[in-house]
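Hello,

Here is the structure we talked about. Please open it alongside this note; what I found follows below.

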Amino acid sequence: MDTEELSGSPSLLEVSHLRHYFPVKRGVLIDRIVAHVQAVDDVSFVIPERETLGLVGESGCGKSTLARVLLGLLSPTAGTVRFRGEDVRFGGRNAQVLRREIQMVFQDPQGSLNPRKRVGQIVATGLRLRGVPRKERESRVRILLSEVGLNPEHINRFPHEFSGGQRQRVGVARALAVQPSLIVLDEPVSALDVSIRAQVINLLSDLQREFEIAYLFVAHDLAVVRHVSDRIAVMYLGKLVEISPSEELYFKPVHPYTATLLAAVPIPDVHQERKPIAVKGEPPSPLKPPPGCRFHPRCSRATQLCREVEPPLVAYPGDHLAACHHPLNVDEGEVTRALRSPLSPLSAGETMPEVGTQE
Amino acid sequence: MSGEHLLEVEDLRVSFATEDGVVRAVDGVSFYLDAGEALAVVGESGSGKSAMSMTLMGLTRDTNATFNGQVYFEGTELIGASESTLRHIRGAKIAMIFQDPMSALNPVYRVGEQIAEQIRAHERISRRRAGERAIELMTRVGIPQAAERARAYPHEFSGGMRQRVMIAMAFSCSPRVLIADEPTTALDVTVQAQILGEMRELCEESGVALILVTHDFGIVASVAERALVMYAGQIVEQATVEELFEDPQHPYTWGLLGSVPRLDRPRSERLPTIGGSTPSLLNPVRSCRFAPRCPHAFGRCEEVPPLAFEVPGQHEHRDRCWLSVDDKRALRVVDGSIGLAAASGQSF
């Protein structure tokens, strides 16, 4: 697979040309499929061992669907996922193996814990599935609880006896119980209060260092994502528009959509100039995505080319990939040295970005 | 009482009798609001910020609720006012926008009808004229093809568009005060920026005073002129926004400011946190409410400090902390920026 050349080190997870379409059904008695929601449309990326990939985008961009496909909770319409170089067949026997390696922490800590089970039982389930003998389980659960900053004495409490932040810690302990190598965190802190959020973020980074886990951190809060991620992928309407090392993305966003997202975040500083509204309108429906570049109806730099040809993902120096015909923040030299990335969607055009097409 | 301010709240207390005991949701809150200004109320869940704003609207009418204190709006006392007095004020003179517009709109009525109904509830105006006004308002808050969209139902709108409908409804009777309770928390950042911009513009244009309830300091900085920080039912700090960001006095404010990762600063290794968790309002501690989580707490914190400590030279700026201003200015610096120092031996 050509993605390996790109990342250098062997990757933990390789996703190539992954699609997930939801059928839209209409009709009485006989359902006809009348359309598809293109929730994830030809997305490719890699996650190296022990790294955090942040995944950002607005609601409806497909980030949660993507997370669910990786966990095997939804099967992909097309495309492949390779885990440590091996093809993952969804639904088959090795889906079990995959579940042990990839765990998930959900947004809503209340809804994702069984209210009728004690936290000890919730966390021990993972240990049982991993084949830990019954006798050892309790002491292991206690260790896990203290790892996530909970009092091991609380092993017999029910989820409702904990606060929101503590419940999220239980969710993390449950994920850790099977010793995964990748944890998918779907908006893990957005339901928590500001003061508790920071505690959970610090906990996640401590655990990553200690257990050498990779994270896929799905969130809409750009400041939080930047804080935790090594690399960040930006999605818009089912497509990956930019993927780059975290700091690089914030200092020189190449895709206009990324720049828009960053500009829209209110900064807690009174001396910060009040910026004019960066983008008009809302994302269109993924039922009928616009042709060409999907961002063109909202983009101030859009040209005829953007309306017709889907831009390929272009690799700029510094491991920075972006899918835009009229990139921002890159100079002439960087554009001439840029290459079409093999992670580009199959339907993307061959047109490479030109220098000075705008501004 | 005085007629100086548009809205004046004096020692407001709201408590709810529950099976487990009395929940003191709002515990002695006093503040004022002037015409045309934007006041932010900052706090986490359980700080009493929503209970307070609902009380201002006369919406906390549960049988288990007890109110004390005074709320003067243009000289009229609202606590204990008759339902008919409140009906004239609520929705017309004081309007409100909620976090979740879907549950604030009636799903089985067309949005145009709902806006028109609001107008007709407060004004003698023909059904047809009210319908036209609704469309004008929808255009003004940035809903494209308003005439057509007025005939649509709430579920046919996106979250951002629904919140615009709520704003149109709030402005339909030319209010003097708009209370917005976390109006953009459920929205995407790009839509949030649009909605906040429009709300600010509409308020400025028509001289409406805004009370913006939020937990996001970024929004405070970009919208408000003054701010109140609430913790466990009490105001712990009040200041102009500039003073709050430049010279925050209360340890809880430092903690909040420090624990948010910021896009405009270099990335830090670890986020400063506030230890412990948000307190229960059921039988609150007798000491300073924040003392159990405060690394700087000392003997005197056994006693609740009054919201009285004025920062020299800052007449708006008051806080509820026994530490001296000089001590605070020294203690709040953690690793070069404002934050709450880590406490030793915190357990969860």
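In chain A, the C-alpha centres of domain 1 and domain 2 lie 31 Å apart. Domain 1 covers 3-25 + 35-229, and domain 2 covers 277-359. These bounds come from an automatic or database domain assignment.

Before the rest, two notes on the source. This is a predicted model: local features need pLDDT of at least 70, side-chain atom pairs count only at pLDDT 80 or more, and totals for chains, interfaces and linings use all residues. Residues are numbered from 1 along each chain as its sequence is written, while chains are lettered from A and ligands numbered from 1 in the order in which they are written.

**Between the domains of chain A**

Domain 1 gives 12 residues to the contact and domain 2 gives 9. (Contact: C-beta atoms, placed from the backbone, within 7 Å.) On the domain 1 side, strands S1 (11-26) and S2 (32-48) each supply at least two residues. S2(A) has the largest share, 7 residues. (Helices, H or I of at least four residues, and strands, E of at least two, are DSSP runs numbered from the N terminus.) By class, that side has 5 nonpolar, 5 polar and 2 charged residues. (Nonpolar: Ala, Val, Leu, Ile, Met, Phe, Trp, Tyr, Cys and Pro; charged: Asp, Glu, Lys and Arg; polar: the others, Gly among them.)

**Between the chains**

Here 40 residues of chain B contact 40 residues of chain A. On the chain B side, H8 (189-206), H9 (217-223), H10 (241-246) and H11 (251-258) each give two or more residues. H8(B) has the largest share, 7 residues. The classes on this side are 16 nonpolar, 16 polar and 8 charged.

**Chain A overall**

Chain A has 12 helices and 13 strands. Its C-alpha trace spans about 70 × 60 × 45 Å along the principal axes. Of its 359 residues, 47% are buried. (Buried: 20 or more other C-beta atoms within 10 Å of the residue's own, with C-beta atoms placed from the backbone.) Among contacts with a separation of 6 or more, 65% join residues 24 or more positions apart.

**One helix to look at**

Which residues of helix H4 (119-129) of chain A are buried? They are Val119(A), Ile122(A), Val123(A), Ala124(A), Gly126(A) and Leu127(A). The buried residues of H4(A) pack against H5 (134-147) and H6 (164-176) of chain A. Gly131(A) follows H4(A), with a positive phi near 90 degrees.

Best wishes

Terms used:
A residue is buried if 20 or more other C-beta atoms lie within 10 Å of its own, exposed if 12 or fewer, and partly exposed in between; C-beta atoms are placed from the backbone. Two residues are in contact if their C-beta atoms, placed from the backbone, lie within 7 Å.
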